[in-house]
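Please read the following alongside the sequence and the coordinates. The text goes from one local feature to the next.

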Amino acid sequence: MNERCQIHVEGIVQGVGFRPFIYALATENRLGGFVLNNSAGVVIELEGDRKALDRFLADLRKQAPPHASIEKIVCDTIPVRGEESFNIEPSRDGPERRAFISPDKVICDECLNELFDPSNRRHRYAFISCTYCGPRFTIIGKIPYDRQHTTMAAFPMCLECQREYHDSTSRRFHAQANACSRCGPQVRLVRPDGSELNDIDPVSAAARLLGSGAILALKGLGGYHLACNALDEAAVATLRRRKKREGKPFALMAGDLQTIERFCFVEEGEKFLLSGPERPIVLLRQRDRSSIARDVAPGQKYLGWMLPYTPVHYLLIENSGLPLVMTSGNLSEEPIAHEDSDALQRLSRIADYFLVNNREIQTRCDDSVMRKFDNRELMIRRSRGYAPLPIALARRFAQDTLACGAHLKNTFCLGRDHHAFLSHHIGDLENYETLKSFIEGIEQFKSFFDIQPSLIAHDLHPDYLSTKYAAGLDGVNRVAVQHHHAHIVSCMAEHGLEGPVIGIAFDGLGYGPDGTIWGGEFLIADLAGYTRRAHLRCVSLAGGDSAIREPWRSALSYVKDSLGKNPLALELPGWRSVSLNKVAQVETMLERNVNTFRTSSCGRLFDAVASILGLNHKANFEGQAAMALEAAALQGIEDDYPFDIEENEPWQIDLRPGIASLVGEVVAGSETGVIAAKFHNTLGSVITEVCLRLRKTEGLNRICLSGGTFQNMYLLERVVRRLRERGFQVFVNSKVPPNDGGISLGQAVIANAVVG
Ligand code: ZN
Ligand code: ZN
Ligand code: FE
């Protein structure tokens, strides 16, 4: 007696070879029926005897393809039809769109073998892929994931590719991006003026040019990279000069782990991250006297490495035999270039040659960045390889939610049911280009996941572009969320905590409801609210953005605050970067309260100390001075500086005695590395002391650490160790960044808790 059932499968089941897998499993069990993609996932109908059906269902979960992730299986019995054969049927657009979209995947081993096999018809073909590998998110315009909905639609398959596509025994059975050199996209090597170099093999020609010191703009999956020989001091210095990007480290790419180990220490867990299918950039501790060009990461202890992830990367590395700089293709401040004409125009003053191709990039997507901490991954930038996969949460979203994220390092987040769909890295919402990709990204995610948000979360700052965007939406419920509360809840949500917890949010700047700028905060937080129980004592800072760009301004404020009048009489390196006139002018501004703001920012405190020590005079990006200070700190120092805690409401952490002795040591000529370490240690002691007191008054033992400052490994390691020694339970971000890239998750969760 035959039976028939209909099965709905949800999760990551499109673009991962799921239908071919179902086909194989059904035919193996001699079942009739069909499988198809719809906008909710995959629908399977099966007909056969009970035993075969049971075997099928048991193996469905057990044997699913490696990149698939099944969230839900619903199985219903339906009337038999007498169907004996099994088919893959065309996709159907259903009323609901619940399918997840697969991130881009590294080229698989089998495709890689074919790439380097001279007898294979895809030998050295730059767009080789199969049902298990290749681009997904960056080429999909809408779902279901079918070729006509991707930027591969422009390339009709040749007969041979079609044959593979329809052959159930082929790895390319229903591979939507299937192509070969006859029918698919092509690579070209062009000069900045657009003229083509007519080389038979553009990729090997590009590799030769890299070897002779050229800078190459390279079209990748989610945008353009700028590449050059990482061992070539002159080439890297030229790239840095042309890119106008002082100080910010460049990412690197090498062909294998052994090459990376020549330059950096790589632990087992880091090897695992480097070689995973997501292929993120992993921050690794540099060996002494590594031969990587100095300008790759000036003054840094860590280098960001990744392994190749596209066929072109493999070919370039194989042909050049070099470790390569692989940094995003933009001038600093601008988003990564991803449209061809735009790239040629914007990068023509930076790159000597362009390795381009005629496959369009649907969605811009930067490389992800992470590091290893406490045996877990610590995400620094969550983008390619991870977006747009959702983060599963313990608590459901009561209504469809959009969180607009932070001003810098923006990501947005759409929430539905148990899922938070965090966007790829959008960037700093400071210019039109970035705002445009923010708005387009939101529209695309809404359509991908069929989410019509009725609840909008945004930052408390009234002037942010994201706040204004939120204000312009009609018929929605809006919730303004305090920046540091969002940081803490991003960490709580990841760990399924509902609170209350002691939340420590240390970062650059976030708008406080009292009109001051926050950034060194101890909150007692739950999902819906918080109390500010302690913070770094506020100082006045002069200037708007220049207060961030010019760390000496922070130094002046802190020195003046700690030592009283006449900071200029002190011989401090910070003053040397600017004219004394200028410093005197700013001092007057501080005295008269002209164009000043009050802040408890920990980031600005780091700026101040870095400047006092002469480590950084001009910050080209938020956090640059702090990174210099971390890099300078010597290991093995246990001393710290004095501080006071004034227990009014909220408690004020007074670092004036510490700054005074630190300045004294600088003037006396003490070693910079020791002072930097003692400063870090002081913050560690502050955190421990405040937490001990809060535990006494609040009876709380769980601590969440978040905010950009906790990307500082010296500080994070020390703080976590000391708090655990005191018996605290300590939580840090892992899946979303502790920096502002994780804010949107916190906002979304808070907004839902607030509306109940
Ligand atoms: Zn493959
Ligand atoms: Zn073909
Ligand atoms: Fe922040």
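Phe137 is buried, with a relative accessible area of 0%. In this predicted model, Phe448 is likewise buried, and its relative accessible area is 0%. The cut-off for burial is a relative accessible area under 20%. The rings of Phe137 and Phe448 have centres 6.5 Å apart and planes at 65 degrees, so this pair is edge-to-face. Tyr23 counts as buried because its relative accessibility is 18%. Phe86 has 5% relative accessibility and therefore counts as buried.

The charged end of Arg384 sits over the ring of Tyr309, at 3.5 Å from the ring centre. In another case, the charged end of Arg695 sits over the ring of Phe728, 3.9 Å from its centre.

The peptide bond from Ile143 to Pro144 is cis, and its omega is near 5 degrees. Another cis peptide bond joins Gly499 and Pro500, with omega about 0 degrees. Pro500 lies in the loop between helix H13 (483-494) and strand S20 (501-511).

Next come the metal sites. Which atoms coordinate the zinc ion (ligand 1)? Its protein donors are the SG atoms of Cys108, Cys111, Cys130 and Cys133, which lie 2.3 Å from the ion. The 4 donor atoms subtend angles of 105 to 116 degrees, so the arrangement around the zinc ion (ligand 1) is tetrahedral. For four tetrahedral donors, the ideal angle at a metal is 109.5 degrees. Along the sequence, the donor residues of the zinc ion (ligand 1) have the spacing C-x2-C-x18-C-x2-C. Cys108 and Cys111 are buried.

The zinc ion (ligand 2) is coordinated by the SG atoms of Cys158, Cys161, Cys180 and Cys183, at 2.2 to 2.3 Å. The angles among its 4 donor atoms are 104 to 117 degrees, and the site of the zinc ion (ligand 2) is tetrahedral. The spacing of these donors along the chain is C-x2-C-x18-C-x2-C. Cys158 and Cys161 are buried.

Which residues of H10 are buried? They are Asp342, Ala343, Arg346 and Leu347. Seen down the axis of H10, the buried residues fall within an arc of 100 degrees, so they line one face of the helix. An α-helix has 3.6 residues a turn, so residues three or four places apart point the same way. On the other side of H10, Ser341 and Gln345 are exposed. The buried residues of H10 are covered by elements that include strand S7 (216-219), strand S8 (224-229) and strand S13 (353-357).

Two residues remain, each with a backbone feature. Arg30 has a phi near 55 degrees, a positive value in a residue other than glycine. Arg30 is placed in the loop between H1 and strand S2 (32-38). Is Arg30 buried or exposed? With a relative accessible area of 76%, Arg30 is exposed.

Asp374 is not a glycine either, and has a positive phi of about 55 degrees. Asp374 is found in the loop between strand S14 (369-373) and strand S15 (376-381). The relative accessible area of Asp374 is 36%, so Asp374 counts as partly exposed.

Definitions and conventions. Residues numbered from 1 in each chain as written. Chains lettered and ligands numbered in written order. Predicted model: local features only at pLDDT ≥ 70, side-chain atom pairs only at ≥ 80, totals over all residues. Heavy atoms only, no water. Buried < 20%, exposed > 50% of the residue type's maximum accessible area, 1.4 Å probe, protein only. Phe/Tyr/Trp six-rings, centres within 6.5 Å; stacked < 30°, edge-to-face > 60°. Lys NZ or Arg CZ within 6 Å of the ring centre and 35° of its normal. Donors = N, O, S within 2.8 Å, 3.2 Å for Na, K, Ca; no water. Tetrahedral: all angles 85-135°; square planar, octahedral: opposite > 155°, others 65-115°. Helix = DSSP H or I, 4+ residues; strand = E, 2+ residues; numbered from the N terminus. Arc of directions from axis to C-beta. Contact = heavy atoms within 4.5 Å.
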